[in-house]
Amino acid sequence: MDKSWMQADRRSNEYRSGVEAFIEFALVNARDPYHICCPCTKCENDKDFSAQVIKTHLFLNGINLDYDIWDEHGEVVVNSESDSDRYSNEIDEDSETDSSGSSIVGGHMEAKCDVQSDSDGEEYLSGEYTGFRQFVDDGNKPLYPSCTTHTRMAVIVKLYNIKTKHSMSESAYSDVLAAFAEFLPTGNSIPDTLSEANKVLTALGMDYTKIDACPNDCILYRKDYEEETKCPRCTKSRWKLDSNDKEREGVPAKTLWYFPIIPRFKRMFQSPETSKSLTWHATTRKKDGFLHHPADSTSWKFVDEKWPAFGDEPRNLRLALSSDGFNPHSVQSNSYSCWPVILVTYNLPPWLVMKRKHMMLSLLISGPKQPGNDIDVYLEPLIDDLKLLWAGVSGVYDAVKNEIFTLRAVLFWTINDFPAYGNLSGSIVKGYNGCLICLDQTEPTRIKNGRKMSHNNNRRFLEKYHPYRKLKAAFNNRIEDRTAPVPLTGEELLSRLEQEVPILPLGKKDKTPK
C-alpha cells in the first residue's frame, strides 16, 4: 500500500487522494464506523471519531508520520524474517501489546527475547517460554503458503470472535472451519475443529478452569469438596435438575470460570515493551511532590516503608480488584446477573493502566442470581494465587534485563460501586449503620413516610469552630458540637472480623414455598 502521500503537502492533490484512500481502508476494517482511531498528530490513535471527523483532523493537523504501520486500522503484517532476527529486533512502539505480554500488530505477533545460555536460562527456555515462543512462531505463519495479507492467528481470532458474538455451538463452529478451509488453497493452516483452535489460543496463556459451585453459593467443589455430589452445608445437589426434578449428572447447577493470573503476569514480562512499562513508575515517573501516579500516593509509600524488600524491586506488582454485576443477555426485563472480577495493574503508566488490553479478567461468576455477600466463596482461587504472588513466584523471565527473577504482588485497592463495596468487604452499606466510617455511630434519621434514611450529622466532620456548626435552622435545629468518629484501625477491623465472620455462614437459604 502506497504511503508516500503522508510526506506530501496537505494542500496537494496527492495528500487529498491519500487521505481518501486511508479513510476507505479504515472503514473497510472498522468494527464500528463511528468509532475509528484518529491518527492525526494531536490524537495519535488515542481518540475515536467518525470518518468525517478524522478526515478533517488529517487536513487540519496532519497525519502522524511515525504511524507507518496502520495496525490500529486493520493492516496485517506477515513477518518474513528469520527466527533469530525476529526475536532480536526491538518491538515497534506503535504496536499493541495484550495483557498476556505478546506484541500484536493486527494478526502478527512478536515475542522478543535472547536468553543467555547459562544453566538457568536454558532450563527456563526448555519450559514454558519455549512453548510460548513456538506459539508465536506458529501464529506468524501465513494463512496459506503464498498469502501476504493474513496470518493464521488473525483469522483464528476473527472467526472465534464471530463464534462468541453469535453464540455458535461447538459443532457449528467446527463445520464453519471445515467449510472455510475448503475455499482456501492447498496447504492452508486453518484448524479443522474447535478443539484445535482452542489449543492455539491456550498456548497464549488464555486457558481457564471451570469450577462447579453450589447453587446457593455455599462452597466451590474444589480441594476437600472436589468429589462431593451434594453441598455439605445446604444438601443441595451439585447437578442441574430436569423438568422431572431428576439430577442430570455431569451438568453442574452453577459454574465459576477462573482464568489463572500467574501465567499471564509471566507473559507480560516476556514482552520487552510491556516489561519496560511495568517499571515506568521507578525509572521515568516525574517526582516533584505532586500526584501524577499511584506511586505518589500514601498507600504506595506505606507498602514500600513497611516491606522494604518488596518496595526495592520495581517489578513487583501493585494490583487493584474490581467487580460488578451485569446482564450478559442485554435484556432489561431479564434479571440474570453475571459477575466478572477484573485485576488492574498500577505499575503501568497512567495512559496505559486503564486500557482495556491491560485489564485482566480473572473470574467470571455465572448467574442467574448475584452472589451478594457470598462472593467470598468465588474469590477463593484468586486469593490463593494472590497469596502465592505475595510469597513470590520464581522463574519469571524479564525480557528487558534478560534475567530470571522472583515476582511478587500485593493487592492495593478495590474499585466498585457502593453496593458491591459492601459485598466485597462484608460491611453493612445500608440501614442504620450504613456508613463504613462511622459504623455504629452513623445515627441517621429515618424518614417516616419516605421509608428512607436521612444522614444529617455530616457537620461532625467540619473544623471545630466552623460557622456551619452553629446553624440550627439550616440543618436539624441543633448545634453540632461533636467530633468526627474515628475510623477503625486495621487491628480493630481484623478483631471484629474474627469475632463475627464465623457466626455468619456462607450460602443462601431456599425460600420456603407459600
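This is a predicted model: local features need pLDDT of at least 70, side-chain atom pairs count only at pLDDT 80 or more; totals for chains, interfaces and linings use all residues.
## Reading the model

Local features are taken where pLDDT is at least 70, side-chain atom pairs count only at pLDDT 80 or more, and totals for chains, interfaces and linings use all residues. Residues are numbered from 1 along each chain as its sequence is written, and side-chain values use heavy atoms, with hydrogens and water left out.

## Aromatic pairs

Let's start with the rings. Rings of Phe, Tyr and Trp (its six-membered ring) are paired if their centres lie within 6.5 Å; planes under 30 degrees apart are stacked, over 60 edge-to-face, and the rest tilted. By this rule there are 16 aromatic pairs. In one of them, Trp5 and Tyr15 are edge-to-face because their planes stand at 70°, with the ring centres 5.5 Å apart. Trp5 sits in the segment before α1 (13-29) and Tyr15 in helix α1, so this contact ties together parts 10 residues apart in sequence. Helices (H or I, at least four residues) and strands (E, at least two) are DSSP runs, numbered from the N terminus.

Are these two residues buried or exposed? Buried means under 20% relative accessible area, exposed over 50%, and partly exposed in between (1.4 Å probe, protein chains only). Trp5 is buried at 4%, and Tyr15 is buried at 1%. Trp307 and Trp390 form an edge-to-face pair, with 5.3 Å centre to centre and 85° between the planes. Trp307 lies in the loop between α11 (298-306) and α12 (308-311) and Trp390 in helix α15 (residues 380-391), so parts 83 residues apart in sequence are tied together. Trp307 is partly exposed at 33%, and Trp390 is partly exposed at 29%. Ring pairs also join Trp5, Tyr15, Phe22, Phe25, Phe59 and Trp70 into a cluster.

## Salt bridges

Next come the charged pairs. A salt bridge here is a side-chain nitrogen of Lys or Arg within 4 Å of a carboxyl oxygen of Asp or Glu, and the structure holds 17 of them. One is between Asp384 and Lys223, whose closest N and O atoms are 3.0 Å apart. This pair links distant parts of the chain, with Asp384 in helix α15 and Lys223 in the loop between β6 (209-213) and β7 (239-241), 161 residues apart. Asp384 is partly exposed at 22%, while Lys223 is exposed at 51%.

Arg315 and Glu403 also meet in a salt bridge (3.0 Å, N to O). Arg315 is in the loop between α12 and β10 (317-323) and Glu403 in strand β14 (residues 403-407), so the bridge ties together parts 88 residues apart in sequence. Arg315 is buried at 4%, and Glu403 is partly exposed at 33%. Salt bridges with shared partners connect Arg222, Lys223, Glu380 and Asp384 in one network.

## A buried helix

Why is helix α8 (residues 262-270) described as largely enclosed by the rest of the structure? The reason is that 8 of its 9 residues are buried. Among them are Ile262, Phe265, Met268 and Phe269, and also the charged residues Arg264, Lys266 and Arg267.
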